[in-house]
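Please keep the sequence and the three-dimensional view at hand while reading.

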Amino acid sequence: MIAEGILVLDFGGQYAHLIGRRVRELGVYAEVVPYHRWHEAINPDVKGVILSGGPRSVYEDQAPKVPTELFQMGKPILGICYGAQLMAEALGGRVEKGSAGEYGQAELLVKQPYPLFAGTPSRQRVWMSHGDLVVAAPPGFERAGSTQNCPWAAFQKPPYLFAVQFHPEVVHSEYGKQIFANFVLSICKANKNWTAEDYGPRLIAQIQEQVGSGRVLGALSGGVDSAVAAALTLRAVGSRLTCIYVDTGLQRLDDLSHVEQLAEQLGLDLRIVQAQDRFLSALSGIVDPEQKRKIIGATFIETFEQAAGSLGAFDYFLQGTLYPDVVESGGGLTAIIKSHHNVGGLPEKMGWRLLEPLRWFYKDEVREFGSWLGIDREFLMRHPFPGPGLAVRIIGPVTEEALSIERRAHALLDQILMEEGVYYDVWQAFPVFTGIKSVAVKGDARHYGWVLAVRIVQSQDAMTADWYRASPELLERIASALTAQIPEISRVVYDITTKPPATIEWE
Ligand code: XMP
């Protein structure tokens, strides 16, 4: 634990990170750790433990478990779904396969409001997702709530042990937030310590300790994560941080100027490498999207390595890895760190150690932190942009003409969405150069020009996405502006496919 707070033990449940976020939204630090590493993580800073859901059955051979000892340490524990069943089984209750399972909304009747359900009504909607259920609570436990299909939907042995079969971390559980607040703040008595004012100085001190007198190299991408990582590291090591921005020519129109402004505003040593021609010629005639990605990755590494080589020796490579990227993979639940898509393999080759100061943060926290570090809110709220850039939004070969149309169309679309007050309500919005030509009549003359597709999506995490229900007036404004201001465009179409089945990007 890097701070006092709540330990979330992950049993492979799809919502383990959501539990971490719910706790952090209360201003309390939470750390999500694979269940079998509980003994490494538990220490006096742990004010309470939450056991997540999981796909297994507690009565199966080799079901993931924690020893009974954990429940006897006198720390408050909240078991959720699988975690509740685990608590029941470990302490002498019984868990069986339910006859039907329970998925979706259910009505919880609260039998014992205190302390977990304090301040919530006696009937409330909760979200269920389970096949097994507790049929007998352990000795000494009392029923705290039930649903029609689940007699032990909540059970407890105050002051430490609490269990709920439903998922309070999911928004469909009406009073989930209050339940977490009751557990974290009242039962665990955790302090609100997870604010930028609190963790900022601590993180800076940690970076100083880790880096010592070493030099750090960072790659700025124009995106939020690498910018916040750089701003933070700059506070810690000052002029011993140098950043490189590779202008691949595949970025948005104003990406370079944003990065330059940021560097100036922060006083960051930024080296800009002009490599547009290099990327364009490497991509010449390439149509296959995966090949485009590979070529971009390899060209980036070559360019970056050359640029770095001319700047002397470095000890650390700065990466904007976020908490969800520190993935606990299935099976052994060993931590696998996603490698930076652009510089994979380079840090090892160059002998640089990794510096990942944001690896404890969720995206929304990175934005808040960035603002504490003095980065403009407008910059921090920009839409995510893929590493391979506009190349994966150009169907067919990446040509100078296609890139030029994409860049202008992107800027225009962003501007319209800003003016219409829509930009911040959507996850991503971008034009796609379809590589198709179509006929139009412009100024009384027949015009054979490019078809541009517009994709605007809403999403929480890019895993699923819905197309944005733009008003007809907005769609009309977009189509008129694009065809009028970019003469090469003959026609604009709007993508109304959800993800799944489609992906967000076209390639
Ligand atoms: P898809 O298209 O897979 O995109 O639905 C999900 C999210 O990931 C971004 N994306 C990428 N980001 N390198 C990146 O850094 C890539 O190759 C890449 N492909 C997609 C995409 O913009 C969306 O936010």
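In this predicted model, the buried residues of helix α3 pack against β3 (46-51), β4 (77-80), β5 (94-110), β6 (123-136), β8 (154-157) and β9 (161-164). The protein chain is divided into domain 1 (5-187), domain 2 (196-380) and domain 3 (399-494). Between the centres of domain 1 and domain 3, taken over C-alpha atoms, the separation is 46 Å. The points below are grouped by topic.

**Helix α3**

- Helix α3 spans residues 82-90, and seven of its nine residues are buried, so the helix is largely enclosed by the rest of the structure.
- The buried residues of α3 are Tyr82, Gly83, Ala84, Gln85, Leu86, Met87 and Ala88.
- After α3 comes Gly92, which has a positive phi, near 105°.

**The nine-stranded sheet**

- Nine strands make up an open sheet with mixed pairing, in the order β2-β1-β3-β4-β9-β8-β7-β5-β6.
- At the edges of this sheet are β2 (29-34) and β6, each of which pairs on one side only.
- On average, neighbouring strands of the sheet are turned by 25° against each other, direction ignored.
- Within the sheet, β4 and β9 pair in the parallel sense over four bridges, and Ile77 stands opposite Leu161 in β9.
- Helix α3 packs on the sheet, where it touches β3, β4, β5, β6, β8 and β9, and its direction makes about 115° with that of β4.
- Helix α4 (residues 176-187) lies across β1 (5-10), β3, β4, β6 and β9, and runs at about 160° to β4.

**The five-stranded sheet**

- Five strands form an open sheet in which the pairing is parallel, and their order is β12-β11-β10-β13-β16.
- The edge strands here are β12 (269-274) and β16 (353-355), and each pairs on one side only.
- Neighbouring strands of this sheet are turned against each other by 30° on average, direction ignored.
- Strand β13 (residues 316-318) pairs with β16 in the parallel sense over three bridges, and Leu318 stands opposite Leu355 in β16.
- Helix α6 (residues 224-237) lies across β10 (216-219), β11 (241-247), β13 and β16, with a direction of about 155° to β11.
- Helix α7 (residues 255-266) lies across β11 and β12, and runs at about 160° to β12.

**Helices α13 and α14**

- The axes of helix α13 (residues 400-419) and helix α14 (residues 472-485) come within 10 Å and cross at roughly 145°.
- The crossing in which α13 passes α14 is right-handed.
- On the α13 side, the residues in contact are Ala409, Leu412, Leu413, Ile416, Leu417 and Glu419.
- On the α14 side, they are Leu474, Arg477, Ile478, Ala481, Leu482 and Gln485.
- By class, this contact of α13 with α14 has nine nonpolar, one polar and two charged residues.

**Gln460 and its loop**

- Gln460 is located in the loop between β18 (445-458) and β19 (466-467).
- Gln460 has a relative accessible area of 74%; exposed means over 50%, and Gln460 is therefore exposed.
- Gln460 and Trp427 are 33 residues apart along the chain, and their C-alpha atoms are separated by 7.5 Å.

Conventions:
Residues numbered from 1 in each chain as written. Predicted model: local features only at pLDDT ≥ 70, side-chain atom pairs only at ≥ 80, totals over all residues. Heavy atoms only, no water. Buried < 20%, exposed > 50% of the residue type's maximum accessible area, 1.4 Å probe, protein only. Helix = DSSP H or I, 4+ residues; strand = E, 2+ residues; numbered from the N terminus. Contact = heavy atoms within 4.5 Å. Domains from an automatic or database assignment. Axes fitted to C-alpha atoms, helices over the stretch in contact; angles between N-to-C directions. Left-handed = near helix turned anticlockwise from the far one by under 90°. Nonpolar A, V, L, I, M, F, W, Y, C, P; charged D, E, K, R; others polar. Pairing = 2+ DSSP bridges.
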